[in-house]
Amino acid sequence: MRAAVTRRRISPIRVAEILDDATASYSISAQACFENLHGAANRMAGLLVLLAIKKSRHILDWDVKKAAAELVKAGNEEFRGLTPTPRSLHFHRHLGKAAGLLAIALKDIDQTLSGAAGARDPLAPLRAGWEELRIASKYLPGFEIVDFEHSCCALHQTAN
């Protein structure tokens with residue numbers, strides 16, 4: 001009689017348990033980039049909430065906007081200095097997409113705040129950038145983010 005072979009599918013984060021030295025080194029190096037982009041996304045989301053509530057760009061905390069801009073710049077610079085390993089390549093691609101999308105969101109926020117006629121809504125690239133960070137966080141250890149999608153407020157319909 002033939003024994004049944006059980007195949008266990010390893011989730012992206014579980015694979016991280018067997019990281020090679022080069023990938024572990026990459027992961028440590030990528031931490032600052034990820035944290036800067038994550039912090040920038042949080043600050044930009046806060047600015048958009050304030051803008052939506054107050055309906056005036058004059059009430060905004062310009063220091064928060066400046067901090068977001070500095071974090072996006074630092075995150076993009078750090079990203080360019082990273083050299084992914086084969087194991088970290090998937091994470092790296094999502095991190096790069098997040099960096100680019102957050103730079104676009106920041107540019108769109110600047111145009112919106114300046115009252116430019118062709119200003120685009122910054123929420124779409126901000127959401128997409130956040131989603132890229134969320135996806136990236138699943139592929140290497142140490143990059144977890146808090147997901148509020150299933151919190152109380154997620155039960156309420158929102159206007160898009």
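The points that follow take up confidence, helices, aromatic pairs and salt bridges.

1. Confidence. This is a predicted model, and the mean pLDDT of the protein is 82, with 76% of its residues reaching 70 or more. Confidence is lowest in helix α1 (residues 12-15), where the mean is 50, and highest in helix α5 (residues 123-136), where it is 96. Over residues 7-11 the pLDDT is below 50, and beyond near neighbours in sequence this stretch has 2 contacts in the model. Where pLDDT is low, the predicted coordinates should not be read in detail.

2. Helix α5. The 14 residues of α5 should span 20 Å at 1.5 Å a residue, and the distance of 20 Å between the end C-alpha atoms agrees with this. Buried in α5 are Pro125, Leu126, Gly129, Glu132, Leu133, Arg134 and Ala136, and what covers them includes α2 (21-54) and α4 (89-114).

3. Aromatic pairs. The whole structure holds 4 aromatic pairs. In one of them, the rings of tyrosine 26 and phenylalanine 91 have centres 6.1 Å apart and planes at 85°, so the pair is edge-to-face. This pair links distant parts of the chain, since tyrosine 26 is in helix α2 and phenylalanine 91 in helix α4, 65 residues apart. Both tyrosine 26 and phenylalanine 91 are buried. Phenylalanine 91 also forms a tilted pair with phenylalanine 143, at 4.6 Å centre to centre and 45° between the planes. Here too distant parts of the chain are linked, with phenylalanine 143 in the segment after α5, 52 residues from phenylalanine 91; phenylalanine 143 is likewise buried. Tyr26, Phe34, Phe91 and Phe143 form one aromatic cluster.

4. Serine 27. This residue is found in helix α2 and is buried, with a relative accessible area of 8%. Leaving aside neighbours within four places in sequence, serine 27 is in contact with Leu140, Pro141 and Phe143.

5. Salt bridges between elements. The count of salt bridges comes to 3. One joins aspartate 110 to lysine 65, with the closest N and O atoms 2.6 Å apart; aspartate 110 lies in helix α4 and lysine 65 in helix α3, so the pair ties together parts that are 45 residues apart in sequence. Aspartate 110 counts as partly exposed at 32% relative accessibility, while lysine 65 counts as buried at 14%. Another joins aspartate 108 to arginine 120, with the closest N and O atoms 3.2 Å apart. Aspartate 108 is buried at 2% relative accessibility, and arginine 120 is partly exposed at 48%.

6. The side chains of arginine 134 and glutamate 131 meet in a salt bridge of 2.5 Å, N to O. The two residues are 3 apart in helix α5, so about one helical turn separates them. Arginine 134 counts as buried at 18% relative accessibility, whereas glutamate 131 is partly exposed at 30%.

Conventions:
Residues are numbered from 1 along each chain as its sequence is written. This is a predicted model: local features need pLDDT of at least 70, side-chain atom pairs count only at pLDDT 80 or more; totals for chains, interfaces and linings use all residues. Side-chain values use heavy atoms; hydrogens and water are left out. pLDDT is the predictor's confidence in each residue, from 0 to 100. Helices (H or I, at least four residues) and strands (E, at least two) are DSSP runs, numbered from the N terminus. Contact means heavy atoms within 4.5 Å. The expected span of a helix is 1.5 Å times one less than its number of residues. Buried means under 20% relative accessible area, exposed over 50%, partly exposed in between (1.4 Å probe, protein chains only). Rings of Phe, Tyr and Trp (its six-membered ring) pair if their centres lie within 6.5 Å; planes under 30 degrees apart count as stacked, over 60 as edge-to-face and the rest as tilted. A salt bridge is a side-chain nitrogen of Lys or Arg within 4 Å of a carboxyl oxygen of Asp or Glu.
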